[in-house]
Amino acid sequence: MKSSIALRLFICSLGLFVCMSCSEKTKAVNGKIFSSLDTNQSGIDFSNVLTENDSLNYFTYAYLYMGGGVATGDINNDGLPDLFFTGNQVSNKLYLNKGNLQFEDITATAGVAGDDRWYTGVTMADINGDGFLDIYCSVSGKFSPKENQLFINNTDGTFTEQAAEYGLADNGNSVQASFFDYDKDGDLDVYVANYPPTNFTSPTFYYSFKMKNPKSSESDHLYRNDGNKFIDITEEAGLKNFGLTLSATVGDINNDTWPDLYVSNDFNSPDFMYINNQDGTFKEVVKEATAHTAFYGMGTDIADINNDGNLDIFQVDMDARSNRRKKANMASMNPSLFWAVVNAGFHYQYMHNCMQLNSGIYTDGIPHFSNVSRITGTSSTDWSWGPLFADFDNDGNKDLFVSNGTRKEINNNDYFNKLDKIKIKEDTLLQLSNSIPSEKIENFIFRNNGNLDFEMANDIWGIDYKGFSNGVVYADLDNDGDLEIITNNIDDKA
């Protein structure tokens with residue numbers, strides 16, 4: 001499978017890159033503006049280590065490599081952003097920012113380590129409006145418990161888990177949660193992105209049936225904040241659905257001042273673009289608004305990439321940059337599958353990243369987008385998870401970072417063609433899982449030069465890490481006016 005997470009996600013261990021002062025444009029152009037910060041410098045030693053065994057491996061749980069998330073926020077209101085990482089088989093970690101890019105692990109005293117749950121995405125938000133950030137953890141996994149957890153900030157450096165008390169113990173195999181005020185009543189509501197376990201080889205008519213007969217247990221969920229209690233209003237809001245959701249991103253994409261949603265879905269299941277009707281309901285318009293989407297929709301981000309006042313959408317997929325990796329892992333060159341998806345009433349879906357440029361033309365509140373990922377040079381970034389727009393060189397244009405890599409190449413054509421010719425026995429599953437090819441790949445950072453010109457800037461900006469990066473976030477960790485990048489990586493530290 002691939003994964004918002006989404007994380008925006010939603011997702012693994014951590015890599016920390018420090019942005020050196022780039023207020024002068026010449027330094028951003030001629031010198032490296034990032035440098036890697038290791039554990040001895042930062043004090044951050046989190047590593048999302050995965051350990052496969054007879055009962056837990058790719059062939060018994062195909063979502064094994066989706067990883068974990070990372071969130072940033074000032075939990076103690078001292079003016080310094082802190083960091084929280086989720087672990088799949090390891091403890092969650094909360095690091096207090098002590099200044100000068102040095103952090104203290106306060107997980108144990110804060111009470112946020114979690115338990116045996118398979119944690120995926122994480123979001124910091126002030127749930128109860130007391131002025132202190134709380135921590136909401138998404139949970140998935142093969143085994144129970146699967147309920148999401150909410151750690152309420154006690155304002156004294158400790159947290160208390162209260163998801164059930166607040167109505168947010170969602171058990172729908174969550175990968176990400178997006179907090180936003182959908183009804184503009186002054187408090188934060190939340191959209192929970194869920195990825196129901198599904199056989200990857202399921203035919204298109206399976207997805208069609210599921211979409212026509214959605215179950216609440218398999219749907220994403222919208223919870224309305226009614227004052228320290230969240231109410232599931234998914235169905236009445238018109239959001240009950242079926243999709244393999246990897247990210248749900250919020251933005252006012254039709255410039256009516258109301259927040260809308262873009263939901264990125266994996267495999268055959270189509271994406272959803274939900275326009276806020278301003279009356280507590282949403283309208284799905286992805287086919288009217290776009291010419292096509294990605295096929296294996298992963299993470300998304302929404303930002304104004306060309307400074308025209310209209311929000312654009314970037315969605316990542318699994319299209320490799322090199323010809324060798326394209327041929328080894330390409331999974332979409334299947335005309336019968338493509339037309340089965342279209343003929344089922346779904347959208348046109350192509351296996352590459354989509355940079356959806358907002359035309360600024362709105363018909364009955366529906367925006368119109370054109371995919372310019374090939375023009376911008378951002379169509380192919382390999383097995384991608386989390387894209388983030390931010391102005392990393394302080395030149396007024398939003399640049400693009402993409403986290404990348406899967407621990408095992410579960411789309412490797414050579415490997416699985418051989419596997420098809422042998423009889424798989426249950427007692428050999430771990431051995432077969434361990435033999436799946438694995439290749440560390442680089443993350444991507446693109447400098448936005450304006451005029452839809454995005455230049456790959458890994459070398460010139462100092463982003464040279466290779467691994468399996470999932471969750472990603474940016475923040476000005478040292479309050480010097482420029483942004484750092486933090487990733488959660490499988491089997492590797494910051």
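In what order do the strands of the open sheet of 4 strands stand? The order is β15-β16-β17-β18, and the pairing is antiparallel. The structure is a predicted model, in which local features need pLDDT of at least 70 and side-chain atom pairs count only at pLDDT 80 or more, while totals for chains, interfaces and linings use all residues. Residues are numbered from 1 along each chain as its sequence is written, and side-chain values use heavy atoms, with hydrogens and water left out.

**The open sheet**

- Strands (E, at least two residues) and helices (H or I, at least four residues) are DSSP runs, numbered from the N terminus.
- Two strands pair if DSSP finds at least two bridges between them.
- β15 (245–251) and β18 (282–284) are the edge strands, each pairing on one side only.
- On average, neighbouring strands of this sheet are turned by 20° against each other, direction ignored; the axes behind such angles are lines fitted to C-alpha atoms, for helices over the stretch in contact, and angles run from 0 to 180 degrees between N-to-C directions.
- β15 and β16 (residues 260–265) run antiparallel and are joined by 6 bridges.
- Threonine 249 has tyrosine 262 of β16 opposite it.

- Buried means under 20% relative accessible area, exposed over 50%, and partly exposed in between (1.4 Å probe, protein chains only).
- Strand β5 (residues 93–99) is largely enclosed by the rest of the structure, because 5 of its 7 residues are buried.
- Strand β4 (residues 82–85) runs antiparallel to β5 and is joined to it by 3 bridges; phenylalanine 84 stands opposite leucine 94 in β5.
- Strand β6 (residues 102–105) also runs antiparallel to β5, with 4 bridges between them, and glutamate 104 in β6 is the bridge partner of leucine 96.
- The hairpin of β5 and β6 has 2 residues between the strands, and asparagine 100 takes a positive phi near 55° there.

**Nonpolar cores and cysteines**

- A nonpolar core is a set of buried Ala, Val, Leu, Ile, Met, Phe, Trp, Tyr and Cys residues joined through side-chain atoms within 4.5 Å.
- The largest core has 63 residues, of which Tyr191, Tyr195, Leu222 and Phe282 touch the most other members.
- Helix α10 (residues 413–419) gives the largest share of this core, 3 residues.
- A second, separate core of 16 residues includes Leu96, Val122, Met124 and Cys137.
- Cysteine 137 is buried at a relative accessible area of 0%, and cysteine 354 is buried at 0% too.
- The whole structure has 0 disulfides (pairs of cysteine sulfur atoms within 2.5 Å).

**Helix α8**

- Phe338, Val341 and Val342 are the buried residues of helix α8 (residues 335–343).
- These residues lie on the same side of α8, because they cover an arc of only 100° around the axis; the arc is that of the directions from the helix axis to the C-beta atoms.
- The face turned away from this buried side carries the exposed residues Ser336 and Asn343.
- The buried residues of α8 pack against α5 (204–212) and β22 (349–350), where contact means heavy atoms within 4.5 Å.

**Leucine 400**

- Leucine 400 lies in strand β26 (residues 399–404) and counts as buried at 0% relative accessibility.
- Leaving aside neighbours within four places in sequence, the contacts of leucine 400 include Phe314, Met355, Thr378 and Phe454.
- From leucine 400 to proline 197 the separation is 203 residues in sequence and 31 Å in space, C-alpha to C-alpha.
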